[in-house]
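Keep the 3D view open as you read.

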Amino acid sequence: MKPLLIALFLLLPHAALAQVPMVGAFTAEATCAATPSIREPDRNPGNIATQAGRTYELIGRNAVPGSHYLILIPEAEPERRWVAYGCGRVEEDGSTGPVQASAREREPALPAKTRHDDYVLAVSWQPAFCETRRRVSECRGGGRDDGGFTLHGLWPQPRGRQYCGVPARIVAVDEEGDWRNLPQVEISPRVRAELAAAMPGVASSLDRHQWWKHGTCFDGEAEDYFALSVRLLSELNESAVRELFEAAIGSELSAREIRAVFDRAFGRGAGERVLVDCAEIDGRRLVRELRIALAGRPGEALAAMIRAGEPAARGCRGGEVDPGGFERG
């Protein structure tokens, strides 16, 4: 049997030699280039990209642990496309992969928190976010463009470790999406006020969602988790990254420009830790979010934590920096 398998393998195209078969689903969490070849990332027939929230058939990875998944995109030619690990999450059929089972299938309590020194800091460009969520409370005015980035969340890594020690009933409420029904997070009035300024989504109880899903896996209490999140966002907004975005309002920025300004602001190699997430709205491609890989202890400066982070997928090629307010009714 083994000689036959080897012979068949040798007949496969070179691009498939490194493929490790998988059966399952890949759910995109960002807009990322999907290319026929890992070795030629700039060759992308049809300019195909994943769509955040869409699920694709998963057929393999390039290696173990590897760096890219192979998925099927039916409308693409060729339809077999590679996407970087950081662009989404996978669920393998018949396995306990990174994506956990639904809340109804979980035991009453999930794994206890453990020490994590790796994170992803997710920050939004609020006007672009609001173009995709016009009905939420914090977007009634379309989002301001003069306050820098806003806080989406701080996600302890590795990916897929979520809801640490959280009862299944709370997980179920969170997954239903009505975050106002989640238990309120106990933090001091000072941190609560700072968080409300940094995270407009507090108006929609985003803080509760972030704590129960991600913060419970942080090595500390809610007060420490949100204080660190606010501090890291503040350091980002005090940097040349915010200056670049505000200077580009109404025009386009490429992922290359965004990564380059991270290098200038936080040190060589920082840009390689940044995934740029875009959204397609009414024929416009908007830069909606940056996801920054971090590593280190909570007391360290943002610059040091970025440089220590794991390299990230680039995400989209770039897009427009959306002005505040809604341009279309």
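Gln19 has a relative accessible area of 15% in this predicted model, and because the limit for a buried residue is under 20%, Gln19 counts as buried. You will find Gln19 in the loop that runs between helix H1 (2-11) and strand E1 (20-28). While you are there, look across to Gly66: 47 residues separate it from Gln19 along the chain, yet the two C-alpha atoms are 9.6 Å apart.

Now step back to the whole protein. It contains nine helices and 11 strands, and 48% of its 329 residues count as buried. Among the contacts with a separation of 6 or more, 70% are between residues 24 or more positions apart.

With that overview in mind, turn to helix H4 (residues 189-198). Its buried residues are Val191, Leu195 and Ala198. Viewed down the axis of H4, these buried residues fall within an arc of 65 degrees, so they line one face of the helix. On the face turned away from that buried side, H4 carries the exposed residues Pro189, Arg190 and Ala197. And what covers the buried residues of H4? Strand E7 (150-156), H5 and helix H6 (222-237) are included in that cover.

H5 deserves a visit of its own. This helix is mostly covered, with seven of its eight residues buried.

Helix H5 spans residues 206-213 and includes Gln210, which counts as buried at 1% relative accessibility. Leaving aside residues up to four places away in sequence, Gln210 touches His152, Gly153, Leu154, Trp155, Met199, Gly215 and Tyr225.

Next, move along to H8, a helix of 12 residues. From its first C-alpha to its last, H8 reaches 16 Å, close to the 16 Å expected at 1.5 Å a residue. Which of its residues are buried? In H8 they are Ala255, Ile258, Arg259, Val261, Phe262 and Phe266. These cover an arc of only 160 degrees around the axis, which puts them on the same side of H8. The face turned away from the buried side of H8 carries the exposed residues Arg256 and Arg264. Just after the helix comes Gly267, with a positive phi of about 110 degrees.

H8 also leads us to our last stop, the second largest pocket. Helix H8 (255-266) and strand E4 (80-84) each supply at least two residues of its lining. The volume of this second largest pocket is about 480 Å³. Its lining is made up of 20 residues, and the closest to the centre of the pocket are Ala33, Pro41, Asp42, Arg314 and Gly315. Sorted by class, the lining of the second largest pocket has 10 nonpolar, five polar and five charged residues.

Definitions and conventions
Residues are numbered from 1 along each chain as its sequence is written. This is a predicted model: local features need pLDDT of at least 70, side-chain atom pairs count only at pLDDT 80 or more; totals for chains, interfaces and linings use all residues. Side-chain values use heavy atoms; hydrogens and water are left out. On a 1 Å grid over the protein atoms alone, a cavity is a set of points where a 1.4 Å probe fits but cannot get out, and a pocket is an open set with protein on both sides within 12 Å along at least five of seven lines; lining residues have an atom within 4 Å of a point. Grid points are joined across faces, edges and corners, and a volume is the space filled by probe spheres set on the points. Helices (H or I, at least four residues) and strands (E, at least two) are DSSP runs, numbered from the N terminus. Ala, Val, Leu, Ile, Met, Phe, Trp, Tyr, Cys and Pro count as nonpolar, Asp, Glu, Lys and Arg as charged, and the others, Gly among them, as polar. The expected span of a helix is 1.5 Å times one less than its number of residues. Buried means under 20% relative accessible area, exposed over 50%, partly exposed in between (1.4 Å probe, protein chains only). The arc is that of the directions from the helix axis to the C-beta atoms. Contact means heavy atoms within 4.5 Å.
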